[in-house]
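Hi,

Here is the structure I promised to pass on.

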Amino acid sequence: MAEKETQIADVLNVVFMVDTSGSMVGDKINAVNAAMPQIKSELMDYEQTNSHLAELRFAVITFDSNVLWRVAPPKPLADFIWNDLSANGMTCFGKACKEVEQKLHKDTDFFKEMRRYKEPLVILLSDGEPNDDGWEENLAKLTNNTHFKKGTHIAIALEGIEAEGEAVLRNFAAEGCYIKVNGLSVIKNVIRLATMTASKSLSSSGSMTNVKVANTQAVNNVVNAVSAIPGVQAEAVDPSSITPLDASDYN
């Protein structure tokens, strides 16, 4: 019994970056609000029936004209409370990238306990392109962050996104998963299924599993799961397929 009590459980931080700019008003933000409590409930049930899993913890940051940590540091599922979001304002995506990058370091409150931490799962939900100054540099810094690069990242592009916005989300999703949603009615299910699939895959991978292998498996699982939903395109993003971002394209 003593040996069991001293075992160290893994922790998997799941970070949601949610666009709450004006273009998200209505069905899009409502779908996010509807999905999150359901995700919590289903994953809690999953944790309770699978004792070998890493402990899932959720953090949430939103970005519009302001960038706010709604939940931080990451909370265990039982303590995670979702407060419905509203949408308004601009799309300060770069500032959100900066905030997340600053948290993905071992000396922050995202990794504060003497426990084993899996590399994080970061899920971006957006329907537009950034319009804050310096977003290119902040995105580049995030994508070069060691924990972000080793972790799993999923970009979900919601209906209405244009080519410029897609290019930004694909850069975010390099070596991760890019999902494009055409149709308002399926947004909730896409968010739920992508989060559930990735969280289950990563939390059940062993502590000694090669992180690249675990990431690849999680991404493939998500692509296969959400591709079955009508109006959804999903792919694992090969970095060599990405068009370099040019700030002049967004002026």
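A residue is called buried under 20% relative accessible area, exposed over 50%, and partly exposed in between, using a 1.4 Å probe and protein chains only. This is a predicted model, in which local features need pLDDT of at least 70 and side-chain atom pairs count only at pLDDT 80 or more, while totals for chains, interfaces and linings use all residues. Numbering starts from 1 along each chain as its sequence is written, and side-chain values use heavy atoms, leaving out hydrogens and water.

First, the overall picture. The protein chain has eight helices and seven strands, taken as DSSP runs (H or I, at least four residues, for helices; E, at least two, for strands) and numbered from the N terminus. Its radius of gyration over C-alpha atoms is 17 Å, close to the 18 Å of the globule rule (2.2 Å times the number of residues to the power 0.38), so the chain is as compact as a globular protein of 251 residues. The C-alpha trace spans about 60 × 35 × 30 Å along its principal axes, and 53% of the 251 residues are buried.

Now to helix α4, residues 135-143. Here Trp135, Asn138, Leu139 and Leu142 are buried. The buried residues of α4 pack against α3 (93-103), α5 (146-150) and α6 (163-172), with contact meaning heavy atoms within 4.5 Å. On the face of α4 turned away from the buried side sit Glu137 and Lys141, both exposed.

Best wishes
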